Amino acid sequence: MNLQRLRYAVALADELNFGRAALREGLRQPPFSQQISKLEEELGVRLFERTTRQVRLTPAGEAFVAEARASLAHAELAAESARRAGRGEAGRLAIGFVGSATNLTLPRVLRRFRARYPGVEVDLRELTTAQQAEELRQGLLDVGLLHAPLAGPAAEVLSTRTVARELLLAALPAGHPHAARKSLPTEMLAGEPFVMFPRRFGPGLHDQIIGVARAAGFEPRIVQEAVQMQTIVGLVAAGLGVSIVPESVARLRRGDVVFRPLSPATRVVTLDLTWRTGDLNPLVHNFRALFPPLDAGRGPGP
C-alpha cells in the first residue's frame, strides 16, 4: 500500500466512475483499474461494487476511504511542515545575547524576525560572551550576540560578523564631582574605584576597557566585580565606584547614574553576531540575513 494507491481510491470514491477517476489521476483506465484491483487484493476485501452501469462503495470501502482521506491530509501536512522547516519558517532558534544587546540591536531584529517568521519558536538566553562561545561550540545555542574577539577552542569553530559599533562611555554616580561635565578626559578616572566584570566572561570587551585606561596612563583599580552590565550600573549608582561601559548601556536612563563621553573619543566597541562555521540551519541563515552588513566579518568561513 502506498500514498498513490490511496489517492486512486479517493478519486474513484469521489467520481464513482473509472474513466473520470483515471483521467483525474492522469492515467488511462486499464492501468488505473489494475491499481484498484491490486489494492483490494492487498487488503483482502472489496472496496467497490462494480456493475456495467455503476460503481459504488462497499461498507469496507467507505471505512477505508475515510481513513485514506485522513492519511493523505496528514501526509500533505507532513510535507508542508518539512518544506517550511527547510525554508527556515518553522522550528526552534536558540539565541544567546549579552545584556547590552537588549538596549538597541536585539529588540529591533527580533521584531522583524517574529513578523517574518511567526512559526519559529525563539529561545532567548542572556549569557556572557564566554558562556555563549562555549554553548555555541557545544550546539546548545544556534546564534549569539556577543563582544568579539573570541578566544580558546571556540574561536576555531565559530564565525563572527560585526553588526553594531558603539563608543565607550564613563558611568558615574549622579553625585560624582565630574558628573556635571559634558565630556570627561579619561585620565580623570585615574585613582577612581572601578566596577568591572571578570575578564573570563568577556575577554574582548574587558581588554578594550583596560586598554583605554592604560592609554590614558593608569591601571584601573577594580574594587568590585559583577557579571551583567545592568548590575554594574546599579553598583555604580550605589556609589561603589565608576565604570566604563558600551554606549548602549546609557539607554537604561537611570536618574542616579550619568554617562559621559570620554575624551579624546575612545575606540569603538563592537557587538558581533556569532554562529558555528558551516552551519546550514536555515533558521540561522534567516536570522543572520536580518542584520545589515557593516563589514566583511571575521572568522574561518561562512
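User: What should I know about the model before reading any values?
Analyst: The model is predicted, with local features needing pLDDT of at least 70 and side-chain atom pairs counting only at pLDDT 80 or more, while totals for chains, interfaces and linings use all residues. Residues are numbered from 1 along each chain as its sequence is written, and side-chain values use heavy atoms, with hydrogens and water left out.

User: How many salt bridges does the structure hold?
Analyst: The structure holds 19 salt bridges, a salt bridge being a side-chain nitrogen of Lys or Arg within 4 Å of a carboxyl oxygen of Asp or Glu.

User: Where do R5 and E42 sit, then?
Analyst: Their side chains form a salt bridge at 3.5 Å, N to O, and this pair links distant parts of the chain, since R5 belongs to helix α1 (residues 3-15) and E42 to helix α3 (residues 29-43), 37 residues apart. Helices here are DSSP runs of H or I with at least four residues, strands are E runs of at least two, and both are numbered from the N terminus.

User: Is R5 buried or exposed?
Analyst: R5 is buried, at a relative accessible area of 15%, whereas E42 is partly exposed at 41%; buried means under 20%, exposed over 50% and partly exposed in between, with a 1.4 Å probe and protein chains only.

User: And R125, what does it pair with?
Analyst: R125 forms a salt bridge with E135, with the closest N and O atoms 2.4 Å apart. R125 lies in strand β4 (residues 120-126) and E135 in helix α6 (residues 129-138), so the pair ties together parts that are 10 residues apart in sequence.

User: Which residues are linked in a network?
Analyst: D14, E15, R20, R24, E25 and R69 are linked in a network of salt bridges.
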